[in-house]
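Subject: Structure handover

Hello,

Here is the structure I said I would pass on. My notes follow below it.

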Amino acid sequence: MHLLQGRIGRKIRIGFVLASVFFLCVLTGILCYSSSAGDDIVINEVCSNNFSLIADDNGNYSDYVELYNPAPVPVSLTGFSLSDSKNELNKCPLDSMMIPAKGHVLIWVDGTDSGMIGHASFKISSGGETIYLSNDKGQVIDTAEVPALAYNTVFARVGDGGDAWRRQLPTAGMENAEAQVLADVTLEKPEFSVQSGFYEDAFLLEMHAGKGQIIYYTLDGSEPDENSLRYEEPLQITDASMNENVYSARTDLTAEMEYVPEFKVDKATVVCAIAASPDGSEVSAVATETYFVGFGEKPDYAGYAVLSLVTDPDHLFDGESGIYGNGNALKAYDEAAGLIEGEIPGSYVEEDGGVRYRYMSTNAYHSGKEWERRACLVYFDEDHKERLKQEAGIRIAGQSTRNAAQKSFNIYARDIYDGNKVLQYDFFEGMEYDSVKIRNGGTDHPRSKIYDPFLQSLAEGRAVSIQSSKPCVVFLNGEYWGLYNIRERYREDYFRNHYGIDKNNIWMTDSGADSIGGWDAWNDYNDMICFISENDMTDPENYQKANERIDMQSLIDFYCIQLYIDNNDVSFDKNIALWRSIRAGDGKFEDGRWRFMLYDLDGALDGFDNNTFVDSEWWKEDFSLMDEGIIGSLLENPDFRKRFTDTFMEIADTVFDYERVHERLMQWKEQYEAQVIKSHQRFIASDIGTREYDSYIQHIDDFFGKRREFIIPCLEKEMEKYCD
């Protein structure tokens with residue numbers, strides 16, 4: 001059902017432009033109306049679970065009702081109405097709308113009270129209900145008894161204006177006859193004789209379904225249908241590692257693919273199966289299991305959690321809708337850039353003067369709900385016991401690392417997939433999340449893979465937020481996909497888990513833009529920054545007001561940590577996030593003050609002898625924290641300056657004490673080494689080994705061994721600027 005959703009969504013956006021809402025009853029000065037023709041208009045297609053199909057004129061993915069006019073003349077809809085109640089037919093007047101001859105029009109059923117033309121003041125239940133269309137005489141001229149619908153599917157007439165109805169993929173603004181018909185998902189999933197897990201020996205797998213039903217299955221992660229393999233006898237499940245590489249052999253994972261492993265990567269066997277009625281009109285949901293055979297003889301996996309991520313290959317690599325490969329986006333760049341001296345340039349200047357870069361012009365750089373795909377997650381803990389099996393959504397995550405062969409994912413629990421709104425396993429004890437990230441290591445992914453989570457862990461207990469992390473080996477559709485870190489994400493549930501604050505009482509900004517709370521959040525944040533930057537902070541009254549707007553210790557901790565670890569890749573518009581409660585409450589942190597959060601520390605530890613107070617790399621010179629108006633203004637205040645200096649010394653002597661850092665670093669090295677090396681051999685070079693990994697860790701160790709002696713005099717010199 002989901003194979004074509006990405007490409008269907010794109011076609012809808014293009015096709016619907018020609019069949020959109022017509023305002024003010026004007027079509028190039030021609031207005032035709034026929035009462036008899038008007039009575040022939042029908043409800044043609046209904047979507048009651050629009051997750052990512054087509055956005056309305058406000059950018060929202062609202063449900064919709066499509067009307068069709070079979071007449072050879074356009075018809076004014078003035079006086080017509082749409083409703084979900086037979087006793088209140090005029091819930092959504094269609095005045096000032098026009099439906100073209102043999103054409104379509106969409107009504108966004110979003111429950112809005114704005115009175116906008118083409119928007120209904122009611123919503124449609126995804127569990128099913130009846131929709132009524134009435135004419136200008138108040139007579140019901142058509143009804144649609146809409147059944148329960150899965151997300152991104154519709155209930156539509158067989159052919160525009162036809163008498164029969166069916167579940168299908170959407171064709172909003174296009175002919176219904178072109179749609180892919182969907183079978184009713186009413187049957188029970190097939191039963192497997194062996195559940196997902198780690199097994200030492202090969203075994204026979206049996207599958208069973210209801211009497212008379214047929215089982216179809218796949219072994220590549222694709223969603224089975226009547227064209228898939230038909231189950232007729234038990235399957236022999238063995239160690240699949242000697243099978244040929246499939247995904248690891250692809251050369252379209254980055255814009256400039258420099259390395260593909262020549263050896264066979266480790267593999268698991270993924271079995272996806274459905275039950276179907278003999279005529280194919282009824283099917284089950286997909287049952288998915290993952291089997292690791294013989295991994296007890298592979299010591300590199302001992303003590304590591306393992307995540308099997310299974311999704312249809314088209315979801316990843318289809319040219320138009322795939323989220324992982326280069327896809328059609330890179331082809332479009334290459335066509336637009338042309339050739340310079342026989343080669344495609346790495347960048348070119350567009351007509352509007354903007355620079356377009358080739359490495360950022362792949363499908364992986366698309367974002368938003370339209371680029372989320374369904375997947376099955378099977379998670380095994382460090383002892384390789386299954387702890388989670390859940391349907392979820394996946395999106396590519398990150399910034400520049402979207403061009404890495406090993407990309408990061410955001411994972412989303414949604415009830416549209418399996419009825420669960422949260423992940424059914426607490427990856428971090430006592431924490432409940434609807435989304436986590438599996439991160440490739442950020443810009444540190446080709447080296448230690450631990451910069452960000454390790455540095456954040458050192459700051460635990462300070463007045464800044466940090467994200468918990470744990471290592472995890474990922475298998476993508478059964479193929480080894482390297483080491484990742486499972487990470488908390490800064491979303492509403494993070495603040496509930498850590499601070500006990502309700503999701504409706506949070507504002508958050510990310511890199512100078514609103515993230516949670518919209519314009520209200522951004523305006524308050526901006527007002528706080530402007531007030532502190534533009535007013536005299538030596539004035540006790542102003543300084544007191546500043547302390548009421550921002551948690552001053554949080555700001556100081558944030559600055560001291562970033563300066564000590566030599567992070568130049570941060571400023572008030574890059575790699576920075578703040579949050580506050582909207583309203584005051586009884587909780588310790590419900591005081592309405594802005595607080596800082598650590599993330600993306602991969603750009604730190606460049607050199608122990610870098611004076612981060614004044615120096616930055618040439619390309620980062622606009623990102624100096626010390627150039628921000630807020631810190632310059634606050635450092636004029638002697639009380640703040642003393643507090644800043646005392647905190648810096650405290651952090652140097654505790655958080656970043658060399659002996660403490662060294663001991664923890666060696667623990668992380670022991671935990672990560674085997675899989676970082678294996679991951680690098682998969683994605684970077686086959687000859688990477690212990691020596692290279694030791695050098696990554698040694699760099700971190702050397703930085704903290706020498707940093708204090710160098711940076712403290714820099715602090716003292718910086719503070720002297722404000723003592724005159």
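Val-140 sits in strand 11, which covers residues 140-146; please keep in mind that the model is predicted. With a relative accessible area of 36%, Val-140 counts as partly exposed, because that class lies between the limits of 20% for buried and 50% for exposed. Leaving aside residues up to four places away in sequence, Val-140 touches Leu-89, Tyr-132, Leu-133 and Ser-134. Phe-51 is 89 residues from Val-140 along the chain, and 30 Å separates their C-alpha atoms.

Next, the surface. A nonpolar patch is formed there by Val-349, Val-355, Tyr-357, Tyr-359 and Met-360, whose accessible area together is about 460 Å². One of these residues, Tyr-357, belongs to strand 27 (residues 355-357). The relative accessibility of Tyr-357 is 39%, so this residue is partly exposed.

Then there is an open sheet of 4 strands, in the order 35-34-36-37 and with antiparallel pairing. Strand 35 (513-516) and strand 37 (595-597) are its edges, each pairing on one side only. From one strand to the next, the twist averages 30°. Helix 8 (residues 518-534) packs on this sheet and touches strand 34, strand 35 and strand 36. The direction of helix 8 makes about 70° with that of strand 34.

Within the sheet, strand 34 (residues 506-510) and strand 36 (residues 577-581) run antiparallel and are joined by 5 bridges. Asp-510, for instance, has Ala-577 in strand 36 as its bridge partner.

Regards

Conventions:
Residues are numbered from 1 along each chain as its sequence is written. This is a predicted model: local features need pLDDT of at least 70, side-chain atom pairs count only at pLDDT 80 or more; totals for chains, interfaces and linings use all residues. Side-chain values use heavy atoms; hydrogens and water are left out. Two strands pair if DSSP finds at least two bridges between them. Helices (H or I, at least four residues) and strands (E, at least two) are DSSP runs, numbered from the N terminus. Axes are lines fitted to C-alpha atoms, for helices over the stretch in contact, and angles run from 0 to 180 degrees between N-to-C directions. Contact means heavy atoms within 4.5 Å. Patches are made of residues with over 30% relative accessible area and no salt bridge: like charges are joined within 9 Å, nonpolar side chains (Val, Leu, Ile, Met, Phe, Trp, Tyr) within 5 Å. Accessible areas come from the Shrake-Rupley method with a 1.4 Å probe; for residues, only the protein chains shown count as cover. A salt bridge is a side-chain nitrogen of Lys or Arg within 4 Å of a carboxyl oxygen of Asp or Glu. Buried means under 20% relative accessible area, exposed over 50%, partly exposed in between (1.4 Å probe, protein chains only).
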